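Subject: Structure for your files

Dear colleague,

Here is the structure I said I would pass on. My notes on what was found in it follow below.

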Amino acid sequence: SKECAQARDLDFLLGDWSKLPFAGDSFDWIWSCDAVGYAPYYQAHAIEEITRIVRPGGSVAILFWSSQSLLPGYPGLEARLNASQAGIAPFEEGMPPESHAMRGVGLLRSAGLERVRAMTFVHTVHSPLGDQAWAALTALFKMRWGGSEAELDEAYRDAYQRLCLPDSPDFILDQQDYCAFFTYTMFTGRKPNKSFHSVFTNQ
């Protein structure tokens with residue numbers, strides 16, 4: 001089919017967001033999901049580089065994981081895990097506040113984009129969980145909080161091991177009333193049309 005023929009024309013390249021191997025004004029749009037948005041990639045020069053390769057009038061969209069509530073009934077434990085070094089990764093203590101992903105409105109505007117918007121999307125999961133959802137959430141627990149045990153006091157460490165490890169008989173994902181949510185946030189902007197702004201300025 002025509003769609004399949006077009007799909008075979010895709011190219012996959014491995015590179016550095018801050019040094020993209022493309023000429024300026026090369027693309028109609030840029031879409032990033034779970035890439036730009038996380039330190040050290042969500043810095044002003046990376047956004048400027050993306051803006052450089054978008055044509056005037058083209059758009060930029062950056063989507064990333066922004067929050068979660070995964071341990072219903074245990075807000076203290078979840079807050080402590082989220083405050084650990086593993087929990088705040090890939091961000092870092094002491095990083096400039098303006099470099100944080102949720103400051104994307106300012107970052108996109110500073111790169112010269114206009115019509116900047118921010119939108120957050122929520123997804124809810126609840127029991128009974130299918131095998132795929134169970135496996136994905138189990139992997140998420142490990143990714144978000146793996147390695148945090150050394151930073152927890154004894155009570156929180158015991159609670160973590162009891163509720164967040166899949167081989168525990170009290171694993172929270174196996175509870176019949178489990179319900180949780182996570183959010184993705186997207187920032188979008190449009191590169192100004194040079195000819196329009198030139199005419200407007202000359203008038």
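Arg115 counts as exposed, at 62% relative accessibility; here exposed means over 50% relative accessible area, buried under 20% and partly exposed in between, with a 1.4 Å probe and protein chains only. Arg115 lies in strand β3, and its phi is positive, about 55°, although the residue is not a glycine. Asp25 also has a positive phi, near 60°, and is likewise a residue other than glycine. Asp25 sits in the loop between α1 (2-7) and β1 (27-33) and is partly exposed at 28% relative accessibility.

The model is a predicted one, in which local features need pLDDT of at least 70 and side-chain atom pairs count only at pLDDT 80 or more, while totals for chains, interfaces and linings use all residues. Residues are numbered from 1 along each chain as its sequence is written, and side-chain values use heavy atoms, with hydrogens and water left out.

Overall layout

The protein has 8 helices and 4 strands. These are DSSP runs numbered from the N terminus, with helices being H or I of at least four residues and strands E of at least two. From the N terminus the order is α-β-α-β-α-α-α-β-α-α-β-α. Of the 203 residues, 35% count as buried. Among contacts (heavy atoms within 4.5 Å) between residues at least 6 apart in sequence, 82% join residues at least 24 apart.

One backbone detail belongs here: the peptide bond from Ser127 to Pro128 is cis, with omega near -5°. Pro128 is in the loop between β3 and α6.

The core

Which residues touch the most other members of the largest nonpolar core? They are Phe141 and Tyr178, in a core of 45 residues. A nonpolar core is a set of buried Ala, Val, Leu, Ile, Met, Phe, Trp, Tyr and Cys residues joined through side-chain atoms within 4.5 Å. Two or more residues each come from α2 (44-53), β2 (54-69), α3 (75-82), β3 (114-126), α6 (131-145), α7 (154-164) and β4 (179-190). The most come from β2, which gives 7. Leaving out residues up to four places away in sequence, Phe141 touches Leu70, Leu71, Gly146, Cys164, Phe171, Ile172, Leu173 and Tyr178.

In α3 the buried residues are Leu77, Glu78 and Leu81. Seen down the axis of α3, they fall within an arc of 95°, so they line one face of the helix; the arc is that of the directions from the helix axis to the C-beta atoms. An α-helix has 3.6 residues a turn, so residues three or four places apart point the same way. The buried residues of α3 pack against β2, α4 (85-88), α6 and α7.

The buried residues of α7 include Ala159, Tyr160, Leu163 and Cys164. Down the axis of α7, its buried residues fall within an arc of 105°, so they too line one face of their helix. What covers them includes α3 and α6.

How do α3 and α7 pack against each other? The angle is about 100° and the axes are 10 Å apart, where axes are lines fitted to C-alpha atoms, for helices over the stretch in contact, and angles run from 0 to 180 degrees between N-to-C directions. That makes α3 roughly perpendicular to α7, on a scale where angles under 35 degrees are roughly parallel, over 145 roughly antiparallel, 65 to 115 roughly perpendicular and the rest oblique. In the contact, Gly76, Leu77, Arg80 and Leu81 of α3 meet Tyr156, Ala159, Tyr160, Leu163 and Cys164 of α7. By class, there are 7 nonpolar, 1 polar and 1 charged residues; Ala, Val, Leu, Ile, Met, Phe, Trp, Tyr, Cys and Pro count as nonpolar, Asp, Glu, Lys and Arg as charged, and the others, Gly among them, as polar.

Two buried threonines

Thr188 is in strand β4 and is buried, with a relative accessible area of 17%. Apart from neighbours within four places in sequence, Thr188 is in contact with Val60, Ala61, Leu108, Arg115, Val116, Arg117 and Met119.

With residues up to four places away in sequence left out, Thr51 touches Ala111, Leu113 and Lys191.

Regards
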